[in-house]
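I opened my notebook to look up a few things in a protein model. Here is what I wrote down, entry by entry.

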Amino acid sequence: MKFAFQKMQLEADGFYDLINTWVEMQLVVTEESATIIGDGYTHEILEAFTILVFDWEASIPIAKEGLNIPEGSYGLSRMGDKVHACSSEKAYFLPDRPVRVEVVSAPEE
């Protein structure tokens with residue numbers, strides 16, 4: 001079955017409320033970008049993506065302005081109203097901010 005949507009972009013006032021299972025998410029920081037990837041979205045978002053795209057991959061690009069996190073991959077952890085990007089030796093505060101979620105069709109071959 002072919003799905004109508006191959007690519008979508010959704011806007012949100014912040015990313016904190018989009019994610020339910022932080023341990024299933026990761027922040028990847030490169031010289032050019034910072035992106036949250038993973039499968040820890042809320043049940044409602046997972047369901048909506050699956051209905052519209054079925055086999056999908058989603059990412060949340062984060063503006064690097066004011067983001068003082070070195071290049072690398074970080075696990076994400078939420079405690080109360082704050083999220084931290086954590087490596088084996090350090091944790092960096094990751095403030096909530098408006099985001100654009102990018103969803104693309106990624107059918108398994």
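**Entry 1: Thr35.** Helices (H or I, at least four residues) and strands (E, at least two) are DSSP runs, numbered from the N terminus. Thr35 counts as buried because its relative accessibility is 18%. My cut-offs: buried means under 20% relative accessible area, exposed over 50%, and partly exposed in between (1.4 Å probe, protein chains only). Thr35 and Ala63 are 28 residues apart in sequence, and their C-alpha atoms are 8.7 Å apart in space.

**Entry 2: ground rules.** I noted that this is a predicted model, where local features need pLDDT of at least 70 and side-chain atom pairs count only at pLDDT 80 or more, while totals for chains, interfaces and linings use all residues. Residues are numbered from 1 along each chain as its sequence is written, and side-chain values use heavy atoms, with hydrogens and water left out.

**Entry 3: Pro61.** Next I went to Pro61, which sits in strand β4. Is Pro61 buried or partly exposed? Pro61 has a relative accessible area of 26%, so I wrote down partly exposed. From Pro61 to Leu27 I counted 34 residues in sequence and 9.4 Å in space, C-alpha to C-alpha.

**Entry 4: Phe15.** Phe15 lies in the loop between β1 and β2. Phe15 counts as buried because its relative accessibility is 0%. Phe15 and Val101 are 86 residues apart in sequence, yet 8.8 Å apart in space, C-alpha to C-alpha.

**Entry 5: aromatic pairs.** A pair of aromatic rings is described by the distance of the centres and the angle of the planes. I used these cut-offs: rings of Phe, Tyr and Trp (its six-membered ring) pair if their centres lie within 6.5 Å; planes under 30 degrees apart count as stacked, over 60 as edge-to-face and the rest as tilted. How many aromatic pairs does the whole structure hold? My search found seven. Phe15 and Tyr16 make an edge-to-face pair, at 5.1 Å centre to centre with 80 degrees between the planes. Both of these residues, Phe15 and Tyr16, are buried. The pair of Tyr74 and Tyr92 is edge-to-face because the ring centres are 5.8 Å apart and the planes stand at 85 degrees. That pair links distant parts of the chain: Tyr74 is in strand β5 (residues 72-79) and Tyr92 in strand β7 (residues 91-93), 18 residues apart. I also noted a cluster in which ring pairs link Phe15, Tyr16 and Trp22.

**Entry 6: Tyr92 again.** Tyr92 is buried, with a relative accessible area of 17%. Tyr92 and Lys7 are 85 residues apart in sequence and 31 Å apart in space, C-alpha to C-alpha.

**Entry 7: charges.** I found Lys82 over the face of Phe93, at 5.7 Å from the ring centre. A charge sits over a ring if NZ of Lys or CZ of Arg is within 6 Å of the ring centre and within 35 degrees of the ring normal. Side chains of opposite charge can pair when their charged atoms come close. A salt bridge is a side-chain nitrogen of Lys or Arg within 4 Å of a carboxyl oxygen of Asp or Glu. The structure holds one salt bridge. Which residues form the salt bridge? They are Arg100 and Glu102, whose closest N and O atoms are 2.7 Å apart. Arg100 is partly exposed at 33% relative accessible area, and Glu102 is partly exposed at 23%.
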